[in-house]
Amino acid sequence: MSILFDHLGELGTGLLTTLELSVLAFPLAVLLGTVLGVCRVSPVPPLRAVATGYVHCFRNAPLLLIMVMVVFALPYAGVTVPLFGSVVLGLGLYFASYVCETIRSGIASIPIGQIEAARAIGLGFGGVLREVVLPQTFRSMVQPLGNIFINTALGSALAAAVGVQELTGSARQFNLTYAQPVPSFVAAGIGYLLITLTAGQIIGFIERKVGIER
Amino acid sequence: MTVNQADPATGALFDELGPRGRKRLRWATVIASIVVLGLVVAVIAQLAHVGQLAGRLWAPLGEWPYQRFLLGGLVTTLEIGLSAAAMSMVVGTAAAIGRLSGHRWVSLPCTAAIELFRSIPLILLVYFFLIGGPMVGIYLPPYWELAIPIVLHAGSVFAEIVRAGVNSLDRGQTDAGLALGLRRQQVLTLVVLPQVFRNLRPALVSQLIRTLKESSLGYVVSYPELLNRGQVLGEYTANFLQTYFVTAAIYIVINFALSRIAELLDRPKSS
């Protein structure tokens with residue numbers, strides 16, 4: 001047990017790496033997912049097809065497979081990204097499909113009267129989305145997007161399988177060196193609980209601030 | 001004709017287009033098609049440039065022994081996916097019933113277990129059983145090294161789905177059952193759960209998709225499921241890109257078919 005406390009710093013570094021991965025991958029997923037979501041509801045058939053195809057591919061493949069592909073197969077295609085960047089990319093690509101679907105259902109939850117009213121005052125497709133639909137969509141999506149953030153943080157643990165020393169990876173490393181399975185994994189578990197509980201609190205706070213009462 | 005029949009959920013986002021709008025839409029379609037095609041061509045050109053389209057690299061995937069190896073992985077994936085899905089549903093339902101129980105000494109531990117397994121990553125559990133188990137003298141067969149973490153994780157997710165289903169059921173159902181003189185246990189098993197499970201048909205299929213995807217962690221424990229086999233085959237024939245491409249295609253086709261089934265189940269029966 002005391003060995004664990006002596007080396008708590010290593011687990012702390014791992015926790016920071018997990019946070020970095022999630023904090024970098026999440027905006028990527030939201031950005032890409034929003035673009036895809038808009039494509040998916042747009043009147044232009046090829047854009048819809050691309051967005052739909054993307055969502056089907058990335059939601060139905062396991063995250064670990066996507067990560068393994070980005071890390072080990074992409075270099076063969078002549079695209080070399082540093083390991084850390086590959087993991088962020090893999091997480092971002094995977095969770096973008098979830099953001100896309102969240103946005104689609106968020107748009108569907110906007111009362112139809114608002115869209116009709118926006119169109120009646122002469123806004124086009126872009127205007128309706130930009131001025132009326134998306135601002136409300138994001139506000140009503142705080143909770144689902146927050147869940148995607150939590151899933152991104154938990155999903156980033158798979159980076160340990162491709163060799164990134166984030167929280168799970170450093171717990172594993174610690175274990176291989178000092179053979180202290182229970183304390184190290186419990187400590188890592190507490191680290192994840194800290195992340196998910198804190199994120200839950202922040203999401204709840206934002207929800208109360210911007211949420212729309214209907 | 002309306003342009004957006006395909007997607008009734010967003011049907012009101014744009015009007016039926018006038019002549020100018022249709023013209024603009026045609027242009028947008030043409031430009032978008034060119035951009036999309038251009039991207040596809042660029043990817044293919046890049047792959048050809050680095051020599052990854054060479055027939056020599058794709059050839060092994062057309063040969064039966066290699067295909068059999070990969071399909072064997074698929075069978076294992078389906079086996080562990082199905083069995084873990086079934087077990088996680090049993091465990092999850094039990095945990096949900098426990099969490100909803102009136103006795104605090106039952107509901108508290110169930111709540112704690114559900115929240116714990118939901119908020120730590122699956123791979124951490126896998127490592128715990130993989131590395132931690134032998135160190136404290138627990139030797140599990142490889143199947144269980146993978147299945148136990150999946151069942152714990154997917155089960156806790158399923159428990160929350162069942163709980164939401166129970167909570168969304170009209171309270172009157174429970175009240176009526178109690179008024180008839182049924183015990184709480186009977187109300188749950190005879191009145192509430194049958195209705196909840198009928199409403200949850202799509203969730204049952206999604207649960208299978210979840211466990212199929214989670215079984216890819218066999219990669220970590222060297223359990224010969226699809227992703228693990230893909231990795232072994234890619235290493236053996238030195239064509240990672242091609243093998244992973246096919247592996248991904250298999251996962252996508254199967255899970256896509258399952259998600260279509262879930263959608264069909266979601267639709268109210270036309271009587």
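**Exercise 1. Which residues does Cys100(A) touch, not counting residues up to four places away in sequence?**

Before we start: this is a predicted model, where local features need pLDDT of at least 70, side-chain atom pairs count only at pLDDT 80 or more, and totals for chains, interfaces and linings use all residues. Residues are numbered from 1 along each chain as its sequence is written, while chains are lettered from A and ligands numbered from 1 in the order in which they are written.

*Solution.* 
- Step 1: find Cys100(A) in helix H5 (residues 83-108) of chain A. Helices (H or I, at least four residues) and strands (E, at least two) are DSSP runs, numbered from the N terminus.
- Step 2: apply the contact rule, by which the C-beta atoms of two residues, placed from the backbone, lie within 7 Å.
- Step 3: read off the partners of Cys100(A), which are Gly33(A), Leu36(A), Gly37(A), Arg40(A), Ala51(A) and Val55(A).

**Exercise 2. Work out why Cys100(A) counts as buried.**

*Solution.* 
- Step 1: recall the cut-offs: a residue is buried if 20 or more other C-beta atoms, placed from the backbone, lie within 10 Å of its own, exposed if 12 or fewer, and partly exposed in between.
- Step 2: Cys100(A) counts as buried because it has 25 C-beta neighbours inside 10 Å.

**Exercise 3. Describe the make-up of chain B and of its helix H1.**

*Solution.* 
- Step 1: count the elements of chain B, which has 12 helices and zero strands.
- Step 2: turn to helix H1 (residues 19-49) of chain B, whose 31 residues reach 44 Å from first C-alpha to last. That is close to the expected 45 Å, where the expected span is 1.5 Å times one less than the number of residues.
- Step 3: check the cover: the count of buried residues in H1(B) is zero, whereas buried residues make up 33% of the 271 residues in chain B.
- Step 4: just after H1(B), notice Gly51(B), with a positive phi of about 80°.

**Exercise 4. Find where Ser222(B) and Ala238(B) sit, and say how exposed each one is.**

*Solution.* 
- Step 1: Although not a glycine, Ser222(B) has a positive phi of about 55°.
- Step 2: Ser222(B) has 14 C-beta neighbours inside 10 Å, so it counts as partly exposed.
- Step 3: move on to Ala238(B), in the loop between H11 and helix H12 (240-266) of chain B. Ala238(B) is not a glycine either, and has a positive phi of about 55°.
- Step 4: Ala238(B) counts as exposed because it has 12 C-beta neighbours inside 10 Å.
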